[in-house]
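Hello,

Here is the structure I promised to pass on. Please open it and keep it beside you while you read my notes below.

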Amino acid sequence: MANSSAYALEGPKWPTQTVTWSFAAGDQFSNAIGTAYQGTIEQALARWASVSGVNFVQVADSSDPSQAPDIRIGFSTLNPGPTSEIGDTTFSYTAGAGGSQSFLPSVLVSLEDPAQDPLLADSGGGFTYQGYATTLYQTALHEIGHALGLAHSTDPNAVMFPTLGPSNSDLDATDIAGAQALYGAPAPAPDTLVVTMAEDAWQGDAQFIATLDGNVIGGPQAVTASHSAGDAQNFTFQGNFGPGPHELAISFINDAWGGTSSTDRNLYVNGLTYDGANVPASSASLWTNSTAYFQIPVTAHAGTAV
Ligand SMILES: [Zn+2]
């Protein structure tokens, strides 16, 4: 945290940790965020939420001041030719209690419209503006940072540094310190799911995706513990899942077979626990790409009052 003083604050912040947002259209926006790009924006929101006390809630878009979400996110033609400015956030605020300043709803986050500067898909599933060393993800991180109350940083590795390139593609410690100065630390995840797995490796390790009640909670991730050697490893997933019941799905996604039993990649689920309680009948052997389903009953686990 040596550089934790490198963050800077704009002044206003949101008065509560719950902040509403929308994919916006109309007004200054030239286009709504297309479905191909919405996941990237949601990842940027989730990233800020994961390191701070902020809780983002998506709501319907509205430009009506009485109904507008706190933060409205859309594409705008920012004409970056002369300025290289590919993101912009505008806000207004009011004086709150004790000299504090609070944002007013309808903070507008504008990201450069790919209709003007195309976004090119990169190998990692993200998008980079053509002709720039800047991704849509980091641009969204930067502008959402402004919409939370962070000003430009002097730390060149911070996403809040005014120039966005390979050295500040994600939040760094100073960005996180700034977000926590405004909204506190993230609430601890109350529920813990532990899945014990092993594999038969052949020309690579077995990979899985874990889904709880239809929501992906982990993966793709590789299992490296050898089933034949009697090894196993635990994969821990934490979140606010609730007491259940739940359905866990473990999908084996990269089966390979060379024609013999010793040239075969397989995935094994040995067992699982939910909030410390063993889940019965929770083993499976996956020989081909397939999904094993496990029913997690309602468990009486220690409650937390927060
Ligand atoms: Zn900025």
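Start with tyrosine 93. Its relative accessible area is 42%, so tyrosine 93 is partly exposed. Keep in mind that this is a predicted model.

Tyrosine 93 has a ring partner, phenylalanine 91. The two rings sit 6.2 Å apart, centre to centre. Their planes make an angle of 40°, and the pair is tilted. Phenylalanine 91 is also worth a look. Its relative accessibility is 31%, so it counts as partly exposed. Both residues belong to a cluster linked by ring pairs, together with Trp14 and Phe103. In total, the structure holds 9 aromatic pairs.

Now go to another pair, phenylalanine 208 and phenylalanine 235. Their ring centres are 5.0 Å apart. The planes meet at 75°, so this pair is edge-to-face. The cut-off for that label is an angle over 60 degrees.

Where do phenylalanine 208 and phenylalanine 235 lie? Phenylalanine 208 is in strand β13, residues 207-212. Phenylalanine 235 is in strand β15, residues 233-239. The pair therefore ties together parts that are 27 residues apart in sequence.

Is phenylalanine 208 buried or exposed? Phenylalanine 208 is buried, at 0% relative accessibility. Phenylalanine 235 is buried too, with a relative accessible area of 6%. Buried means under 20%, so both values qualify.

Next, the backbone. Proline 220 is in strand β14, residues 215-222. Proline 245 is in the loop between β15 and β16. Strand β15 is also where phenylalanine 235 lies.

Last, look at phi. Glutamine 203 is exposed, with a relative accessible area of 65%.

Alanine 281 also has a positive phi, near 50°. Alanine 281 is in the loop between β19 (277-278) and β20 (284-286). At 79% relative accessibility, alanine 281 counts as exposed. The cut-off for exposed is over 50%, so glutamine 203 and alanine 281 both pass.

Best wishes

Definitions and conventions
Residues numbered from 1 in each chain as written. Predicted model: local features only at pLDDT ≥ 70, side-chain atom pairs only at ≥ 80, totals over all residues. Heavy atoms only, no water. Phe/Tyr/Trp six-rings, centres within 6.5 Å; stacked < 30°, edge-to-face > 60°. Buried < 20%, exposed > 50% of the residue type's maximum accessible area, 1.4 Å probe, protein only. Helix = DSSP H or I, 4+ residues; strand = E, 2+ residues; numbered from the N terminus.
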